[in-house]
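The sequence and structure are shown first.

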Amino acid sequence: MHFALPPRKMSIPPPYMPRSNRLPMLRRSRFKLIAITGLFFLTVIYLLTRGNGHPKLKKRMPTGNPPVVVVTVFDEAKYGKGYIDTIKENRIEYAKKHGYQTFFANVGDYDLKGAPGSWTKVVAMRHALTEYPEAYFLWYLDQNAFVMNPQLKIEDHIMKTAKLTDLMKKDHPVVPPDSIIKTFSHLTGQDVDFILTQDKDGLSVGSFIVRNGEWGEFFLDTWFDPIYRSYNFQKAETHALEHIVQWHPTILARLAIIDQRLLNSYSQGNKGDQYKDGDIAVRLVDCVSAGANACETESQRFVQQWRTSFGKS
């Protein structure tokens, strides 16, 4: 069976046909379509440019209420209740003096997907940002540490722009003693959103400050990324951080390393700078590996000291 073939196109075009009555209408429709399209794009441009100043779309800045949140994570399975209560008392008294807030979390509060419990500090800091969106700064301080000098305020002691510019170590190896990756030399205090110290082994994450803001959220989310938690670093979140700051300039460009005693003095001098009277805080780093009783025993020589200093202030 044969099917009819479609008609072949003529090679000779038909003679010119006079304009039909429909053409003016088509032209008007085309002009109308162009006008509507143009109006649409102008509206979009207007909304995008106006949105930068619109109160609902404008980026909200923290009000500083509270100025600082002190974050601490507790491991109740390793430390006795008396010791933990003493640490909480220390934080609360310091916060009351300056109008700060405290944020306490426990190992086990968050699903770490099998990662070591020390990772809790990162997600707890991120949680604190959500709970206190108006705070200027978050200060993480480990459970094996005491605030010793109640006179020092974080926003004055470290975070003032001019002072931080002077305090931050520039062109300095990120991981001592001879890392080829160094802190940027051109940064000033206003460029910095993450402040921490080093000890003899590397970056020390037992005491650090994060400025509240979009970058702070991005940084904590990056640090807590599942890919880093799954790497099985020897020192968990500490080595993960050292990896991040050395391989990601976006993080390094907002980081400042300051002298250890400004934020993170140690009770013993074999691993880092030893505490001296007047330092803001002391960490009992050697007691951690020795167990809870060791920390509680070593803490006794500092408990009376901080209570006395708080009573005099």
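In which sense do E8 and strand E9 pair, and over how many bridges? E8 and E9 (residues 281-283) pair in the parallel sense, over two bridges. The model is predicted: local features need pLDDT of at least 70, side-chain atom pairs count only at pLDDT 80 or more, and totals for chains, interfaces and linings use all residues. Residues are numbered from 1 along each chain as its sequence is written, and side-chain values use heavy atoms, with hydrogens and water left out.

**Strands**
- Helices (H or I, at least four residues) and strands (E, at least two) are DSSP runs, numbered from the N terminus.
- An open sheet of three strands has the order E4-E9-E8, with mixed pairing; two strands pair if DSSP finds at least two bridges between them.
- Strands E4 (145-147) and E8 (265-266) are at the edges with a single partner strand each, so one side of each has no neighbour in the sheet.
- Tyr 266 stands opposite Arg 283 in E9.

**Helix packing**
- Helix H6 (residues 214-223) packs against helix H8 (residues 236-247) at an angle of about 120°, their axes being 10 Å apart.
- H6 is therefore oblique to H8 (angles under 35 degrees count as roughly parallel, over 145 as roughly antiparallel, 65 to 115 as roughly perpendicular and the rest as oblique).
- Phe 219, Thr 222 and Trp 223 in H6 meet Glu 237, Ala 240, Leu 241 and Ile 244 in H8.

**Loop residue Gln 143**
- Gln 143 lies in the loop between strand E3 (137-141) and E4.
- Gln 143 has a relative accessible area of 11% and is buried (under 20%; exposed is over 50%, partly exposed in between, with a 1.4 Å probe and protein chains only).
- Beyond its neighbours within four places in sequence, Gln 143 is in contact (heavy atoms within 4.5 Å) with residues including Phe 74, Asp 75, Tyr 79 and Arg 91.

Definitions and conventions. Axes fitted to C-alpha atoms, helices over the stretch in contact; angles between N-to-C directions.
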